[in-house]
Amino acid sequence: MAISDTSAPISFGFVGLGNMGSMMSLNLAGYAQKQGFPKVKLWNRSREKADQLAQQGFFEVADTLEDVAKSCNIIHACLANDDVALSVYRRILGAAEPGLIVVDHSTLYPSTSTTLFHEADRKGSSFLSCPVFGPPAVAKSAGLLVVVSGHEKSRTVVKKYITPTIGKVVIDCGDNTSKGALLKILGNSCILGTIELMSESFTLAEKTGFDAELFYEFIQHWFPAPAWINYGRKIRDGAFSGQTGFTLPGGMKDASYIRRLGAETSTPTPIIDQAWNHLTTAKAIGGEGLDWSACAAGMRVTAGLPPFKGEDFSLDKK
């Protein structure tokens, strides 16, 4: 099924139901139901996860990716990495009719986004780079900042509903999908840099005997931005569970993209290099299930402190 013009009836699909994808798909399903559209077709590598989510909203679980491709004309997806994205999207594009719009919410390297754009174009379909900023709790309340780039006609279709359905603000980066992917990496560089800076500052506060609560109060007043407030709270409390957040593998993938961009453009990335080291230490001590704010645990070890305060996430705890 394909969209031949902007007035064609919409049939949504959603692929990839991690912490972010689950929240976004629920909001998309609510919109589809209100508009009288068909149920949103779900597909996830783990069928059990799709079945569980289908009980919470206006969904139908597809047996295969090809089923989603054949029955939907707009497919949203939020995937773990570039290799997964290339595999999934090639299967979708191989089965879909011309005119499909693929809306990618993953964090992909710009060249991967460009590759998928051209592969979709050759199939008569459209690939949009549509990464988002915000944690799962913000995704649940449709408060994400949404970036979009790709063919203008397809961007126009998607922008008609994506706010306020999935996000509160859209930044339009134009026709070149690599620009949307690049903005996501640059934005994540700012966020990870903020986490690294707060990791150092909270550790220094503890080493000098300064009250962490007072320091966090300062952050709330002087840096009242979501990344500072939310990650500052996690670092203050040592609340590094990744069950509802952004886990270390994803954070390290993004850090690797930032460093790769730096290497390719001869641009030093010293803050991110340091964050990479601290993320690596945190992963070695506490495993892949930690939130990427556990960068602070790596910093604490470097400073001679125990890695965790509050809950002990150590892999080797007795």
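**Figure 1. The largest nonpolar core of this predicted model.** This core has 37 residues, and F202, F240, L279 and W292 touch the most other members. Two or more residues each come from α8 (177–207), α9 (212–222), α10 (226–237), α11 (248–264), α12 (270–286) and α13 (295–302).

**Figure 2. Surroundings of L279.** Neighbours within four places in sequence are left aside here. The remaining contacts of L279 are L192, L248, G251, M252, A255, W292 and C295. Apart from the core that holds L279 lies another core, of 36 residues, which includes Y31, C78, C130 and I166.

**Figure 3. An open sheet of three strands.** The strand order is β7-β8-β9, and the pairing is mixed. Strands β7 (132–133) and β9 (167–172) are at the edges, each pairing on one side only. Strands β8 (residues 144–148) and β9 run parallel and are joined by five bridges.

**Figure 4. The cis peptide bond between T163 and P164.** Omega for this bond is about 5°. P164 belongs to helix α7, which covers residues 152–165.

**Figure 5. A142, a residue with positive phi.** Phi is about 55°, although A142 is not a glycine. A142 sits in the loop between α6 (136–140) and β8. Its relative accessibility is 14%, so A142 counts as buried.

**Figure 6. S266, a residue other than glycine with positive phi.** The phi value of S266 is near 55°. S266 is part of the loop between α11 and α12. With a relative accessible area of 67%, S266 is exposed.

Definitions and conventions. Residues numbered from 1 in each chain as written. Predicted model: local features only at pLDDT ≥ 70, side-chain atom pairs only at ≥ 80, totals over all residues. Heavy atoms only, no water. Core = buried A, V, L, I, M, F, W, Y, C linked by side-chain atoms within 4.5 Å. Buried < 20%, exposed > 50% of the residue type's maximum accessible area, 1.4 Å probe, protein only. Helix = DSSP H or I, 4+ residues; strand = E, 2+ residues; numbered from the N terminus. Contact = heavy atoms within 4.5 Å. Pairing = 2+ DSSP bridges.
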